[in-house]
Amino acid sequence: MANLAINHINKRFGSLTVLKDINIAIEDGEFLVLVGPSGCGKSTLLSIIAGLDDHTSGSITIDGKSVQGLEPKERDIAMVFQSYALYPAMTVEQNIGFSLEMSKMPKPERLERVGKVADLLQIRHLLKRRPGQLSGGQRQRVAMGRALVREPKIFLFDEPLSNLDAKLRVEMRTEIKKLHQRLGATIVYVTHDQIEAMTMATRIAVMKDGILQQFGTPEDIYDRPANVFVATFMGSPPMNLLPAVVVDGSQNLSIRGADAILPLPSLAAAGVTEGKEVLLGLRPEWLSLASADTTNPTLDVYVEVVEPTGPDIFVASKSGERDIMARLPTGSQIRVGEKARFSVDLSKAVLFDAETGAAI
Ligand SMILES: Nc1ncnc2c1ncn2[C@@H]1O[C@H](COP(=O)(O)OP(=O)(O)O)[C@@H](O)[C@H]1O
Ligand SMILES: [Mg+2]
């Protein structure tokens, strides 16, 4: 186990810059998730940490020591990829124990280690099978076993669940999280799936176009997104962003394209002056059906689509020309083609600078 620091990492492929001044530091035992759209540089950063790829400038330190010049096998890191490439002719036991055999560990000790890992992953009954006789989820476990058996300082995962079907993905997500809790291992996990990031991470690094957009706890990222990109990338359905202008001596927001005035959220009030163009960020669950005697600010909308998900209903509506998505409890009295009044919880609302997209 170890802490990890990524310091001012830049990476160019020829004239293409794919990582720009990335700074991330995590403590021993953390579960760091690198998340962002395809092509944003996640795998490149992981390969640099592993020593499989060189960086252009900057440094990586593990336990306070630079790993500059160390070969991948000298870094005490184990990696699990999306395509887990097991050796088809070997049994599960041989697959998991292969790296130990290569390092000339005596057989009794090797088998004991493999057995321990197999118990941890609940695959002991599969040890004599070959990969061809396993399901996708079982193969994924074997791939993890191969990494675990080496007892490395840091585990790197690159989209390990992308090849699994949706149900299995959710199961394995919980499994990996349990494993992390049991081992207390330091993990860096790459995904493009924001739900995986939110549910698994102790801290999340959100990336876009090779630039770190925000690094923080899942709560930070969800409740206090640093900019419009993070606000809309994390969370499903995404945060509503309403263009507005600050009016009434910085007391209120006039929503553009909607006949609505809302009080300026107190969180942001200090940073804005009258006439400032902003985006008001409202998560769908901060809207609810207004009761007749509500004291909260309200928004009048026209209901366009109602999507029941089971526990919630997503309501796509319009206030003037503005789209508003709300997440209401199942059983809410709401009908397509009718008007509704939403009560708005502004206590968590976020304001963004309309020009730069940065949170105010
Ligand atoms: N060996 C390479 N040569 C040139 N460009 C590359 C190479 N590897 C990756 N890239 C480019 O670097 C960018 C980041 O890629 P990658 O790290 O794989 O993104 P992600 O894992 O986030 O999808 C992409 O634009 C990709 O095309
Ligand atoms: Mg990738």
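**Notebook: domain interface and a helix pair**

I looked up the interface first: domain 1 and domain 2 bury about 700 Å² between them, with carbon and sulfur atoms giving 58% of that area. Buried area is the accessible area (1.4 Å probe) that two parts lose on being put together, summed over both. Of the area that domain 1 buries against domain 2, Tyr222, Asp223 and Val228 supply 65%, more than any other three residues.

I note that this is a predicted model, in which local features need pLDDT of at least 70 and side-chain atom pairs count only at pLDDT 80 or more, while totals for chains, interfaces and linings use all residues. Residues are numbered from 1 along each chain as its sequence is written, and side-chain values use heavy atoms, with hydrogens and water left out.

I then checked the bounds: the domain assignment gives domain 1 as 4-233 and domain 2 as 240-353. Their centres, taken over C-alpha atoms, are separated by 39 Å. I found eight residues of domain 1 in contact (heavy atoms within 4.5 Å) with seven residues of domain 2.

I turned next to helix α4 (residues 136-148) and helix α5 (residues 166-183), which pack at an angle of about 25 degrees with axes 11 Å apart. The angle makes α4 roughly parallel to α5 (angles under 35 degrees count as such). Helices here are DSSP runs (H or I, at least four residues), numbered from the N terminus. Axes are lines fitted to C-alpha atoms over the stretch in contact, and angles run from 0 to 180 degrees between N-to-C directions.

I recorded the residues that meet: Gly136, Gly137, Gln140, Arg141, Met144 and Leu148 in α4, and Leu168, Met172, Glu175, Ile176, Leu179 and Leu183 in α5.

Key
Chains are lettered from A and ligands numbered from 1 in the order in which they are written. Helices (H or I, at least four residues) and strands (E, at least two) are DSSP runs, numbered from the N terminus. Angles under 35 degrees count as roughly parallel, over 145 as roughly antiparallel, 65 to 115 as roughly perpendicular and the rest as oblique. Domain bounds come from an automatic or database domain assignment.
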